[in-house]
Amino acid sequence: MSRELADVSITEANSNNTIVLPIDLVFEESLKNRPDLILHHTDKTHPSATGSCLFGALAYSLLFKESSEGLKFAEGCAKPLAEKTFNIYKA
């Protein structure tokens, strides 16, 4: 998802009282800050365990409007990566 498409999608979602999960942009920003993260499997389509944790953190934060730090679902990720990943996106 490009920044322009994300902006339009978010604007439309806001005007319709709904949300958009801009996961592509979050992955992109995450990789700028942490190029060592592996967010996709080798097929470049499906998320890795860390990518899934990041998606879950984003979804949680957007749905519940609070930080996802410390949630139990992070146990499937390598702990140091999970902790750093959750710090990338906070509500």
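At 75% relative accessibility, Asn 17 counts as exposed, a term used for residues over 50% relative accessible area, while buried means under 20% and partly exposed is in between (1.4 Å probe, protein chains only). Asn 17 sits in the loop between α1 (3-15) and α2, and its phi is positive, about 55 degrees, although it is not a glycine.

Before going on, a word on the model. It is predicted: local features need pLDDT of at least 70, side-chain atom pairs count only at pLDDT 80 or more, and totals for chains, interfaces and linings use all residues. Residues are numbered from 1 along each chain as its sequence is written, and side-chain values use heavy atoms, with hydrogens and water left out.

**Overall layout**

The protein chain has four helices and zero strands, in the order α-α-α-α along the sequence. Helices (H or I, at least four residues) and strands (E, at least two) are DSSP runs, numbered from the N terminus. Of the 91 residues in the protein chain, 31% are buried. Among contacts with a separation of 6 or more, 47% join residues 24 or more positions apart; contact here means heavy atoms within 4.5 Å.

**How α2 meets α3**

Two packed helices are described by the angle between their axes and the distance between the axes. For helix α2 (residues 23-33) and helix α3 (residues 49-64), the axes come within 11 Å and cross at roughly 120 degrees. That makes α2 oblique to α3. The axes are lines fitted to C-alpha atoms, for helices over the stretch in contact, and angles run from 0 to 180 degrees between N-to-C directions. Angles under 35 degrees count as roughly parallel, over 145 as roughly antiparallel, 65 to 115 as roughly perpendicular and the rest as oblique.

The α2 and α3 crossing is right-handed, the term for a near helix turned clockwise from the far one by less than a right angle, with anticlockwise giving left-handed. On the α2 side, Ile 23, Val 26, Phe 27 and Ser 30 make the contact, and on the α3 side Gly 51, Leu 54, Phe 55 and Leu 58 do. By class, this contact of α2 with α3 has six nonpolar, two polar and no charged residues. Here Ala, Val, Leu, Ile, Met, Phe, Trp, Tyr, Cys and Pro count as nonpolar, Asp, Glu, Lys and Arg as charged, and the others, Gly among them, as polar.

**The core**

The largest nonpolar core has eight residues: Ile 23, Val 26, Phe 27, Leu 37, Leu 39, Leu 54, Leu 58 and Leu 62. Both α2 and α3 supply at least two residues of this core. A nonpolar core is a set of buried Ala, Val, Leu, Ile, Met, Phe, Trp, Tyr and Cys residues joined through side-chain atoms within 4.5 Å.

Lys 44 lies in the loop between α2 and α3. Lys 44 has a positive phi of about 60 degrees although it is not a glycine, and it is exposed at 68% relative accessible area.

Ser 2 belongs to the segment before α1, Glu 28 to helix α2, and Leu 71 to the loop between α3 and α4 (79-88). Their C-alpha separations from residues elsewhere along the chain are listed here.

| C-alpha pair | Apart along the chain | Separation |
|---|---|---|
| Ser 2 and Leu 25 | 23 residues | 7.6 Å |
| Glu 28 and Leu 39 | eleven residues | 9.7 Å |
| Leu 71 and Ala 57 | 14 residues | 8.6 Å |

Ser 2 is partly exposed at 42%, Glu 28 is partly exposed at 43%, and Leu 71 is partly exposed at 24% relative accessibility.
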